[in-house]
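Please look through the sequence and the structure shown below before reading on.

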Amino acid sequence: MCGIVGYVGKREAAPILIDGLYELEYRGYDSVGIAVSNGKELKIIKKTGRVKEIEAARSERGNIGIGHTRWATHGDVTVENAHPHTYKNIALVHNGIVENARALKEELVSNGEIFYSDTDSEVIAHLIADGYRGDLLDAVIGACGKLIGSYALAVYCSDEPDALICARMRSPLIVGNAKDGLVVASDLSAVAEEGATLYSLDDGEFARLEGDEVTVCNAGKNAVVKEAMQFDLEEGKTKLDGYRHFMRKEIDEIPEILHHSMFNFEKNSCYSDFYRVLCQTEYIQIVACGTAYHSGLCAKVAIEKLCRVRVEVVVASEYRYSNPIVPKGTLLIAISQSGETADTLAAVRLAKRKGAYVAAVVNVKYSSLTRLADAVLYTHAGKEVAVAATKSFNAQLAVLYSIVGTLAAIEKKRAPTLRGLAQKTAKTISVSEEVRGWTPYFVGAKSAYFIGRGADMCAALEGSLKLKEISYLPSEGYAAGELKHGTLALIEPGTPVVAIITRRNTAEKTMNAVHEAYSRGARIFLVTSFAEYCEMDEVCASVLIPRCLPEFSPILSVVPLQMLAYYVALARGNDPDKPRNLAKSVTVE
Ligand code: AGP
């Protein structure tokens, strides 16, 4: 959600900023801007749209600059609202949300100050400029003391044209040494190539980038010694490698990722501590958002069925305001690809205050969630660029199903095997290409429905979310048995209904719902592991996926649904990697 990059050093800043912004574009892509200074003059280039809109600014001369790609929170998508924001001698880029911006702005306006944008970020520029008494660091610390909310900031001051000041509060920020200079960015990928030694700031920390040195301190200006980040350059790379879109590429990566996620499960450094907690736990809470929430639902089905341990799954944004009951000994599993989702982080903080042991199933190293959690179980999905989560969902399932296997053994239940899932997923990907043929039935539809029971219902929910977020086709995922309790009224001749059937003992029950929908004119599509259903007259088209333990089946059955969403999005002329109104990591409440 918004991306920040900054550079100060001996090289030309503009190309470094623009290249960094391309890497960050997946975090926000409604407007873009850079500010570049040659020591005498600060040039600001801002446009609505994507990074390519400021390509011409590559030739701007200057050795210091800041850049930003925006996902609008305050104010429309306009050039005025794009970052950097300036006031007097200050220019800054900001990620996050200032919750008390309105009150601060009213006060500043009553003092006669004029604002040019509707953003909360411009308020910060005013506060810093107003508080500037010859030391930018002091001014930034002073301004941050007045802010409520979240921020990652990179600030330039024309009175100190050789330095950038950075600040972090609940929004990620990385600083470090680069080739011939210093860098700041909200995401490792923007500066990984540049940075030899990078440090992740913690909440309440400030950094000064000047000369060949990064100095970090807290609000009391006490120096903080940071540990350099360990990262693999290859991991941060985002190349299409001949694919048209990252989403399609990321689906193809799933089998290998599953292998890594499962193989490395017991190698997580906190594993033995986590295992000790798992041995004692009688109750598990899971918090997450969106796709990660759906993987939590899949875990609940598998844990309760195979381990007989009670699991509650709560949408993180609801959990935090529900005064949740957290009994002694609760294991809370927080699932997040980015590890930066504000709602999930808030839920985790609350659960910790209430005494829960928190295990994070997370993809991004050094993310905020990794620091909050008592145990971190990495998903090893690599960088996920497409806004619509695909491979990270399957990787989360690989880790969660590994937990199921461990817990089943602890509970002296028959330990389910995960063996063969990666190969079966590879097979599923190849048969899933068949869904291309389904797209004409979805492209012009008013809405679509996904149904299933148990684990199949969880896959249905995720299939529906995928379709709506990138094809913009209204869709619902349902428990198959619920269709007749209301939603059936929406079925019209031609309405596409996708049924997921991977469990033998409920297959016929789901087929009842299929018959009910078919009799009202629905066009039926099946994702199933039972060939006999594919042959039925009611079925317009089907994908036959390999069989596996039904509790683990979403790891396979979701794949054709991901592909369906992808091809329908393409057929409707959408960019599947960057759906409208969405951003990759939702760092605001
Ligand atoms: C998935 O396709 C969505 N883009 C979204 O629902 C996402 O899963 C959700 O915002 C949670 O993100 P996280 O996994 O990074 O916490």
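## Contacts and overall fold

In this predicted model, 72% of the contacts in the chain between residues at least 6 apart in sequence join residues that are at least 24 apart. The chain contains 19 helices and 23 strands, and its C-alpha atoms fill a box of roughly 75 × 50 × 45 Å along the principal axes.

A compact globule of 589 residues would have a radius of gyration near 25 Å, and the chain agrees with this because its own value is 25 Å.

## Surface and burial

Of the 589 residues in the chain, 60% are buried. The accessible surface comes to about 22700 Å², and carbon and sulfur atoms account for 49% of that surface.

## Charged side chains

The chain carries 66 positive and 72 negative side chains, and the centres of these two sets lie 5 Å apart. A search of the whole structure finds 32 salt bridges, including one between Arg208 and Glu210 with an N to O distance of 2.9 Å; here Glu210 is partly exposed, at 33% relative accessible area. Another joins Glu53 and Lys52 at 3.5 Å, N to O, where Lys52 counts as exposed because its relative accessibility is 55%, over the cut-off of 50%, whereas Glu53, at 38%, is partly exposed.

Asp273 forms a salt bridge with Arg276, their closest N and O atoms being 2.7 Å apart, and both residues lie in helix 8 (residues 271-280), three residues apart, which is about one turn of the helix. Asp273 is partly exposed at 28% relative accessibility, and Arg276 is partly exposed at 40%. Elsewhere, salt bridges that share partners join Asp202, Glu205, Lys226 and Arg371 into one network.

Key. Residues are numbered from 1 along each chain as its sequence is written. This is a predicted model: local features need pLDDT of at least 70, side-chain atom pairs count only at pLDDT 80 or more; totals for chains, interfaces and linings use all residues. Side-chain values use heavy atoms; hydrogens and water are left out. Helices (H or I, at least four residues) and strands (E, at least two) are DSSP runs, numbered from the N terminus. The radius of gyration is taken over C-alpha atoms; the globule rule is 2.2 Å times the number of residues to the power 0.38. Buried means under 20% relative accessible area, exposed over 50%, partly exposed in between (1.4 Å probe, protein chains only). Contact means heavy atoms within 4.5 Å. Accessible areas come from the Shrake-Rupley method with a 1.4 Å probe; for residues, only the protein chains shown count as cover. Lys and Arg count as positive and Asp and Glu as negative; His and the chain ends are not counted. The place of a charge is taken as NZ of Lys, CZ of Arg, CG of Asp or CD of Glu. A salt bridge is a side-chain nitrogen of Lys or Arg within 4 Å of a carboxyl oxygen of Asp or Glu.
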